[in-house]
Amino acid sequence: MNGSVDGSGYVEWTRRFRVERERRADEGDPPWDKGASLDTVVWASVQRFQVGEDGDGAHLIGKADAAGDGDYAEAVRLFVAEEQNHARLLGRLLAAGDMPTIAGHWSDSAFVWLRRLLDLRTELLILMLAEVVALRYYRALRDGSGDALTSEVAARILADEQRHVPFHCERLHASLSELPRPLRRPVMAGWRLLLLGAGLVVVVDHGSALRRLGVRRLRFVADVMRSSGAVVAAILGA
């Protein structure tokens, strides 16, 4: 990131991530042998989200290491491990429904390219687009799938994402505090415009699946934008 940040809070974040890792190990996996049954368009949507969750996080970890805060870098590694676990869970869910994973998707490739363009601050801002959209998507998958195994997997991922957002907000708050005050709100206004664009891309690409899950396209975008208010407040707040 641009400049140094007091890392005391990241000791606590590291502890939280480790506690969750231990809890997951104790809880074990969902009952994959139950199988899963979803509409074809929902399966296609899950396949694309599985690709988005997959990845080694090497660029993000490298930028976190370069920031010079060991506690933050360790927390980022634990965050990446949780994202990789999401990809594993979705992969196992697809297998439970006799559906394959896919090698890639254009939307994920474009998103990864954008994330890697500049510094850690920029990567986190782009990453937060996906995190905020994911909150609404996994809630829809949990509540609207009508399949017990899918609902459990979505609930587990959603619980993780609800922790990831404040984790990134804390770092972004410190990072934006390094910018001149007049620039901070315009940066977040631009971020919200990008979020609107991301939401529109998702409803174009996943609209049929969202409809099957009981969420209209405009409702999905409106919910995403509404939830962004709390994110912006957390990043800009004192």
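Colleague: What span should the 25 residues of α6 have at 1.5 Å a residue, and how far apart are its end C-alpha atoms?

Modeller: Helix α6 covers residues 120-144, and its 25 residues should span 36 Å at 1.5 Å a residue, which agrees with the 35 Å between its end C-alpha atoms. The expected span is 1.5 Å times one less than the number of residues, and helices here are DSSP runs of H or I with at least four residues, strands being runs of E with at least two, numbered from the N terminus. Please keep in mind that this is a predicted model, in which local features need a pLDDT of at least 70 and side-chain atom pairs count only at pLDDT 80 or more, while totals for chains, interfaces and linings use all residues. Residues are numbered from 1 along each chain as its sequence is written, and side-chain values use heavy atoms, with hydrogens and water left out.

Colleague: Where does α6 bend, and by how much?

Modeller: The bend is at A134 and comes to about 25 degrees, taken as the angle between axes fitted to the seven residues ending at a position and the seven starting there. Just after the helix, G146 adopts a positive phi of about 70 degrees.

Colleague: Is α6 mostly covered or mostly open?

Modeller: It is mostly covered, since 19 of the 25 residues in α6 are buried, where buried means under 20% relative accessible area, exposed means over 50%, and partly exposed is in between, with a 1.4 Å probe and protein chains only.

Colleague: And the core, which residues touch the most other members?

Modeller: In the largest nonpolar core, which has 68 residues, they are L93, Y138, F167, W191 and F220. Such a core is a set of buried Ala, Val, Leu, Ile, Met, Phe, Trp, Tyr and Cys residues joined through side-chain atoms within 4.5 Å. Two or more residues each come from α1 (8-27), α2 (40-53), α3 (58-66), α4, α6, α7 (148-176), α8 (181-212) and α9, with α6 giving the most, at 15 residues. In soluble globular proteins, nonpolar side chains tend to be buried together.

Colleague: What does F167 touch?

Modeller: Leaving out residues up to four places away in sequence, F167 is in contact (heavy atoms within 4.5 Å) with Y10, W13, F17, Y72, A75, V76 and F79.

Colleague: Changing topic, where is the kink in α8?

Modeller: The kink in α8 is centred on H206 and is about 80 degrees. Even so, the 32 residues of α8 reach 44 Å from first C-alpha to last, close to the 46 Å expected at 1.5 Å a residue. H206 is among the buried residues of α8, as are D205 and G207. Just after this helix, G214 has a positive phi of about 90 degrees.

Colleague: Is R211 buried or exposed?

Modeller: R211, which is in helix α8, is exposed, with a relative accessible area of 53%. Its C-alpha atom is separated by 9.7 Å from that of V41, 170 residues apart along the chain.

Colleague: And V221, what is it in contact with?

Modeller: V221 lies in helix α9, residues 217-236, and it is buried, with a relative accessible area of 9%. Apart from neighbours within four places in sequence, V221 is in contact with L196, G199, L200 and V203, and its C-alpha atom is 7.6 Å from that of V203, 18 residues apart along the chain. The buried residues of α9 also include F220, D223 and V224, and what covers the buried residues of this helix includes α6, α7 and α8.

Colleague: Which loop holds D98?

Modeller: D98 lies in the loop between α4 (70-96) and α5 (106-115), where it is exposed, with a relative accessible area of 71%. Although D98 is not a glycine, it has a positive phi of about 55 degrees.

Colleague: How many helices and strands are in the chain?

Modeller: The chain has nine helices and zero strands, and buried residues make up 50% of its 238 residues.

Colleague: Last one, what pLDDT does the chain average?

Modeller: The average is 91, and 89% of the residues score at least 70, pLDDT being the predictor's confidence in each residue, from 0 to 100. Over residues 1-7 the pLDDT is below 50, although this stretch has 19 contacts in the model beyond near neighbours in sequence.
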